[in-house]
Amino acid sequence: MSGSALGEPRRLRLAVHKFASCDGCQLQILNLEDDLLWLSRRIEIAHFPEASSRSLEGPYDLALVEGSITTPRDAERIRRVREQTRTLITIGACATAGGIQALRNWADVEEWKRQVYPEPRWLEVLPTSTPISAHVRVDDEIHGCPVSKEQVLRVLARALLGTTPDLPGHSVCLECKRQGNVCVVVARGLPCMGPVTKAGCGALCPHLGRDCYGCFGPCDDPNPEALADHFQELGVEPADLVHRFRGITGNHPAFRRVGDRKGEGR
Amino acid sequence: MSERRTIEIATLARVEGEGALHLTVEGDRVIDLRLEIYEPPRFFEAFLRGRAASELADLVARICGICPVAYQMSTLHAVESIFQITLHPSVRALRRLYYCGEWIESHLLHMYFLAAPDYLGLDDGIAVARSHPGEVERGLRLRKLGNRIISLLGGRPVNPVGACIGGFSRTPTRAELGELAEQIVRARGEAEAALRFFASLPVPSRPQAIELVSLRHPSEYPMNEGRIVSSTGLDIEAAEFATAFSEHQVPHSTALHCRRMDGGRYLVGPLARLLQNSDRLSPAALAARESVAARLSSPDPYASVFARAIEVIYAFDEALRVIRAFEPPPAPAAEFTPRAGVGHGATEAPRGLLYVRVETDDRGYVSAIRIVPPTAQNQDCIEADLRELAPGVLALPHEEARRACEMAIRNYDPCISCSTHFLTLEIERRSPA
C-alpha cells in the first residue's frame with residue numbers, strides 16, 4: 001500500500017480522534033503494552049492528543065475515531081476529520097452505535113439538562129447521540145465497550161499489510177463454548193445477551209459466572225426478538241427486559257427494535 | 001504600549017478529555033482566566049434514573065475509561081449502605097486489591113505517558129521511550145501488572161465486569177492469586193526505581209497554601225472507607241458531604257465546579273491523600289517518601305508526581321499483603337434484598353475523592369444519583385495555579401508558554417472525560433485602557 005518495493009516502507013500516518021466518550025477505547029491503544037513500541041516504528045502517530053503534544057497536519061492514512069456525535073460542534077468536526085482521512089475506522093460502542101449516552105434518544109434532553117445542570121441554557125447539545133456512520137462514510141468498525149486491544153492490533157496490522165480487516169461477526173456463545181464455560185442461561189436462568197452479541201471480549205461475563213450485557217453490540221444476523229421472548233419466559237420483569245436491550249449499545253438498530261417493541265411507549 | 005496579542009494553543013494534549021484555556025491579559029495583569037471544558041456532557045446522572053441498582057456498576061464504569069474501578073467502588077458502597085449489606089472481610093480485602101490495580105495502572109499511565117515528556121522537553125511517551133528506553137519499558141511492565149490485577153477480578157482493565165453489589169461475580173482461586181503474587185514480587189523493586197527516575201528529573205516546584213481533602217481511615221491508607229478530613233480540621237462522614245461542599249456551574253465548562261461551602265477551593269488527589277496519611281503507608285512506601293521528603297514538606301502541586309510514585313509502591317505492597325492474607329469467602333458476593341433509601345459512597349479514586357449519592361425506591365431502582373468526580377473538585381485549584389503562573393509565562397515564546405500552562409494543569413492529572421478534553425490555550429493581550 002505504501003512504500004517502495006525494496007526500500008524501508010513509508011510509515012502509516014495514524015490519527016486518533018475523540019468525540020463524546022469515556023476515553024477507554026483510546027486507552028486500549030496505550031494498553032497494547034508489548035506491541036506499542038514496535039508499532040510506533042511502523043506507524044507514525046501523527047495526531048493523538050491524549051498521548052502526544054505533537055500534532056501533524058493531515059491528511060492521514062488511517063483514523064481511529066472514538067465517541068459519538070452529541071453536539072452541533074462535533075457534527076461539524078467529524079466532517080473535517082473525514083475530509084482529512086483515507087481510511088476511517090470507528091472504535092467502540094459510542095462511535096459505532098451512539099454509546100450509553102444514546103439513552104437520551106428516548107428522552108427529553110432538555111429535561112436532562114435541567115436535571116444535571118443549574119444553568120441548562122449554557123449547554124449546547126443535540127437532542128440525540130448518534131454513531132459516526134450517521135454523519136460520514138465509515139470504512140470499518142471495531143465494536144466493544146471497550147474495544148478489545150487484540151482486535152485493535154489486528155486492524156492496525158491489517159492496515160500495515162494493506163488488507164481488509166477480518167474481525168469475527170459471530171456471537172459470544174462461540175467464544176464461551178470454546179472456553180468450556182457452563183451456559184448461564186441454561187444452567188442458571190440468567191438473561192445472558194451472549195447469543196445475540198458480537199464476539200471479541202473472550203466471553204468475559206459468563207466466564208466470571210454472570211450474564212453478558214451486550215457491550216459489543218449485535219452479532220451478524222442476530223435474533224434478539226426470540227431471545228427477548230425467552231427472557232420473558234424466564235420471568236424477567238418488563239422494565240428490566242427493556243433495559244437489557246436498551247443499554248450500552250441500545251441505539252444499535254437490532255437492539256433498538258426489541259427495546260422499542262418490548263418497551264412500547266416507555 | 002498598546003499591544004494586543006492572542007496566543008493560541010490548539011489542543012491541550014496528554015490529558016483525558018477536551019478543554020480549552022482562555023487568558024485575557026492587560027499589560028502584565030490577568031483580567032480573565034477560564035479553563036473551558038467543552039467535553040460533551042453525557043448526562044449520566046439523568047439516564048441512570050429508573051435503572052436497577054444492580055446495573056449501576058456496569059453503567060458508571062463508562063464514566064471514565066481510566067478509572068472505572070473508582071466509579072464502581074463509590075457507587076457500590078453507596079448502594080450497599082442502602083441495602084444494609086456488610087461485606088465479608090475477604091471480599092472487602094479483594095475490593096482493596098481491585099483498587100490497588102487501578103491506582104497502579106492510572107498512576108503509571110500519568111507518570112510515563114502524560115507527565116514524563118514534560119520534564120524531558122519531549123512530546124510523548126514514545127519519544128521518552130526512545131531517549132530513555134529502559135525507563136519507559138519499566139513503566140509499561142509495572143503498569144501491565146496493575147491491569148492484570150484489575151483483570152483477575154474484573155475480566156478486563158477498561159470497564160471491568162466483575163464487581164457487583166455485595167462483592168464480585170467470581171472469587172479468584174488461590175492459584176490465580178499466587179501467580180499474581182509471584183509476578184508482583186518479581187516486579188516490586190522496579191516501583192522504587194520508577195520513583196528514583198522521576199526524582200532525577202527537573203520537576204518544577206511551587207509550594208502553596210491550600211486546603212487538602214482526603215479520606216482518613218483508623219488503620220489503613222485510605223481507599224474504600226474512611227471519614228472525609230481536611231488539613232484545616234474538617235472531619236465528616238461521607239453522608240455529610242453536602243454540608244461541607246457544594247457544586248457550582250460556570251458558563252465556560254460542562255463540568256460543575258465543587259467548592260467548600262464558604263466558596264474556598266481545596267485539593268484532592270494523591271498529594272492530599274499522601275500528606276494526610278503518611279503514617280498509614282507500608283514501611284517501604286514510607287522509606288520511599290523519606291527519600292523525597294524535601295519535595296513533600298508543604299503542598300506543591302508539582303510534587304504530585306512523587307506522591308503518585310509513592311502510592312504505586314504502596315499499592316504493590318498492599319496488593320501483596322491482601323493476597324498473602326487471603327482466605328476464600330463463603331460466597332463471591334453477599335445476598336441482598338433491594339430496599340428504598342439514600343446511600344453515600346466516598347472512595348479514593350486515583351485522582352482523589354470521588355463522592356456518590358444514590359437514592360433508590362423500594363424495588364431497588366435508582367430514583368436519584370449525584371456523582372462528584374475528583375476533577376470537578378480540583379478545577380478551582382487548576383484555575384488558581386494558572387492565574388498565579390500566567391504573568392510569568394506571558395513573555396515566553398508561545399510553545400514555552402503553552403508547555404508551562406499545560407504542565408500546571410497536568411499536575412492534577414485531570415480527567416476531563418469524567419467531569420465532563422484537549423485544551424486550547426488562548427491568551428488575549430489587551431492594552432491598558
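A crossing of two helices is left-handed if the near helix is turned anticlockwise from the far one by less than a right angle, and right-handed if clockwise.

A word on the model first. This is a predicted model, in which local features need pLDDT of at least 70, side-chain atom pairs count only at pLDDT 80 or more, and totals for chains, interfaces and linings use all residues. Residues are numbered from 1 along each chain as its sequence is written, while chains are lettered from A and ligands numbered from 1 in the order in which they are written.

## Two helix pairs

Helices (H or I, at least four residues) and strands (E, at least two) are DSSP runs, numbered from the N terminus. For each pair, axes are lines fitted to C-alpha atoms, for helices over the stretch in contact, and angles run from 0 to 180 degrees between N-to-C directions.

| Helix pair | Crossing angle | Axis separation |
|---|---|---|
| Helix 7 and helix 11 (residues 304–325) of chain B | roughly 165° | within 9 Å |
| Helix 10 (residues 224–233) and helix 11 of chain A | about 150° | 10 Å |

Angles under 35 degrees count as roughly parallel, over 145 as roughly antiparallel, 65 to 115 as roughly perpendicular and the rest as oblique. Helix 7 of chain B and helix 11 of chain B are therefore roughly antiparallel to each other. Where they meet, helix 7 of chain B brings residues including B:Leu177, B:Ile184, B:Arg188 and B:Phe198, and helix 11 of chain B brings B:Val305, B:Phe316 and B:Arg324, among others. Residues count as being in contact if their C-beta atoms, placed from the backbone, lie within 7 Å. By class, this contact divides into 19 nonpolar, no polar and 3 charged residues. Here Ala, Val, Leu, Ile, Met, Phe, Trp, Tyr, Cys and Pro count as nonpolar, Asp, Glu, Lys and Arg as charged, and the others, Gly among them, as polar.

Helix 7 (residues 174–199) of chain B also holds B:Gly178. B:Gly178 has 13 C-beta neighbours inside 10 Å and so counts as partly exposed. Its C-alpha atom is separated by 41 Å from that of B:Gln379, 201 residues apart along the chain.

In chain A, helix 10 and helix 11 are also roughly antiparallel to each other, but helix 10 of chain A passes helix 11 of chain A in a right-handed crossing. A:Pro224, A:Ala228, A:Phe231 and A:Gln232 of helix 10 make the contact with A:Leu241, A:Arg244 and A:Phe245 of helix 11. Sorted by class, these residues are 5 nonpolar, 1 polar and 1 charged.

## Chain A as a whole

Chain A has 12 helices and 5 strands. Its radius of gyration is 20 Å, close to the 18 Å that the globule rule gives for 266 residues, so chain A is as compact as a globular protein of that length. That radius is taken over C-alpha atoms, and the globule rule is 2.2 Å times the number of residues to the power 0.38. Along the principal axes, the C-alpha atoms of chain A fill a box of roughly 65 × 55 × 25 Å. Of the 266 residues, 53% count as buried.

## Backbone details worth a look

Most residues other than glycine have a negative phi, and most peptide bonds are trans. The bond from A:Gly58 to A:Pro59 is cis, with omega near 0°, and A:Pro59 lies in the loop between strand 2 (43–47) and strand 3 (60–66) of chain A. Another cis bond joins A:Cys145 and A:Pro146, with omega about 5°.

A:Asp23 has a positive phi near 80°; this residue sits in the loop between strand 1 (12–18) and helix 1 of chain A, and counts as buried with 26 C-beta neighbours inside 10 Å. A:Asp221 has a positive phi of about 45°, and with 10 C-beta neighbours inside 10 Å it counts as exposed.

## Where the chains meet

Finally, 49 residues of chain A are in contact with 50 residues of chain B. Helix 1 of chain A gives the largest share of chain A's side, 4 residues.

Technical notes: Contact = placed C-beta atoms within 7 Å. Buried ≥ 20, exposed ≤ 12 C-beta atoms within 10 Å, placed from the backbone.
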